[in-house]
Amino acid sequence: MDSPSHLNTRVQVQFRSCPTGEPMSNAALIDQLNEALAWELRAMNMYAHYAANVRGIHRLQLSPMFSTEATESMDHGDVVRRAVVKLGGVPVTERHPEPIVHTTDFKEMLKHSLATEQQAASVYHEVLAMVEAIDDQDLYDAIEQIYLAELRSVDGLLMLTD
Ligand SMILES: [Fe+2]
């Protein structure tokens with residue numbers, strides 16, 4: 001392996017079967033994709049909220065950053081939504097119920113952003129395992145790209161909150 005990227009190293013885990021060892025059904029995968037979609041819908045709202053509410057000198061940089069994250073969540077949600085439809089499911093329309101904490105304090109915002117990205121990475125890790133079990137390379141590649149983006153966000157937020 002000649003790639004120096006720690007991100008690449010982290011995603012070399014190969015999934016040989018679904019986590020339960022049972023044959024993977026589309027229904028289980030659709031449920032997990034809908035879980036990811038619900039988190040993306042929540043992330044979109046949270047980041048848009050923080051982009052509008054962040055106060056102080058850091059607003060100059062963090063408001064655009066939160067706006068970019070909101071757009072990224074919308075884009076991820078779109079990929080996942082289309083995957084649900086392709087698999088014959090109905091995409092959720094409601095965001096995940098985990099509360100979005102209102103604050104104007106950038107440090108609080110970054111803390112909640114980190115928790116959200118870690119949650120997203122965990123959900124997509126599960127999705128990847130399930131997609132591998134149904135042997136759909138296009139879907140696997142699409143979800144892997146999202147998973148890598150979530151890991152990059154986690155790394156960036158860890159540095160911002162250090
Ligand atoms: Fe995302």
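Student: Which residues of α3 meet which residues of α5, and what makes them a contact?

Tutor: Glu72, His76, Val79 and Ala83 in α3 meet Leu139, Ala142, Ile146 and Ala149 in α5. Two residues are in contact if their C-beta atoms, placed from the backbone, lie within 7 Å. By class, this contact has six nonpolar, one polar and one charged residues. Ala, Val, Leu, Ile, Met, Phe, Trp, Tyr, Cys and Pro count as nonpolar, Asp, Glu, Lys and Arg as charged, and the others, Gly among them, as polar.

A word on the source: this is a predicted model, where local features need pLDDT of at least 70 and side-chain atom pairs count only at pLDDT 80 or more, while totals for chains, interfaces and linings use all residues. Residues are numbered from 1 along each chain as its sequence is written.

Student: Why are α3 and α5 called roughly antiparallel?

Tutor: The axes of α3 (residues 59-86) and α5 (residues 137-160) come within 11 Å and cross at roughly 155 degrees. Axes are lines fitted to C-alpha atoms, for helices over the stretch in contact, and angles run from 0 to 180 degrees between N-to-C directions. Angles under 35 degrees count as roughly parallel, over 145 as roughly antiparallel, 65 to 115 as roughly perpendicular and the rest as oblique. The two helices are therefore roughly antiparallel to each other.

Student: What about α2 and α4: how do you know how they are oriented?

Tutor: The axes of α2 (residues 26-53) and α4 (residues 106-134) come within 10 Å and cross at roughly 160 degrees. That makes α2 roughly antiparallel to α4. By class, the contact of α2 with α4 has 16 nonpolar, four polar and two charged residues. Among the residues that meet are Leu33, Ala36 and Trp39 in α2, and Tyr124, Val127 and Val131 in α4.

Student: What makes a nonpolar core, and which residues touch the most other members of the largest one?

Tutor: A nonpolar core is a set of buried Ala, Val, Leu, Ile, Met, Phe, Trp, Tyr and Cys residues joined through C-beta atoms within 7 Å. Of the 38 residues in the largest one, Leu33, Ala36, Leu37, Tyr124, Val127, Val131 and Ile143 touch the most other members. The elements giving two or more residues to this core are α2, α3, α4 and α5, and its largest share, 13 residues, comes from α2. Leucine 33 touches Val80, Ala83, Val84 and Val127, leaving aside residues up to four places away in sequence.

Student: Why is methionine 65 called buried?

Tutor: A residue is buried if 20 or more other C-beta atoms lie within 10 Å of its own, exposed if 12 or fewer, and partly exposed in between. Methionine 65, found in helix α3, has 20 C-beta neighbours inside 10 Å, so it counts as buried.

Student: And is aspartate 135 buried or exposed?

Tutor: Aspartate 135 has 9 C-beta neighbours inside 10 Å and therefore counts as exposed. Its place is in the loop between α4 and α5.

Student: What is the phi of aspartate 135?

Tutor: Phi of aspartate 135 is near 60 degrees, a positive value in a residue other than glycine. Most residues other than glycine have a negative phi.

Student: How many helices and strands are there, and what counts as one?

Tutor: The chain comes to five helices and zero strands. Helices (H or I, at least four residues) and strands (E, at least two) are DSSP runs, numbered from the N terminus.
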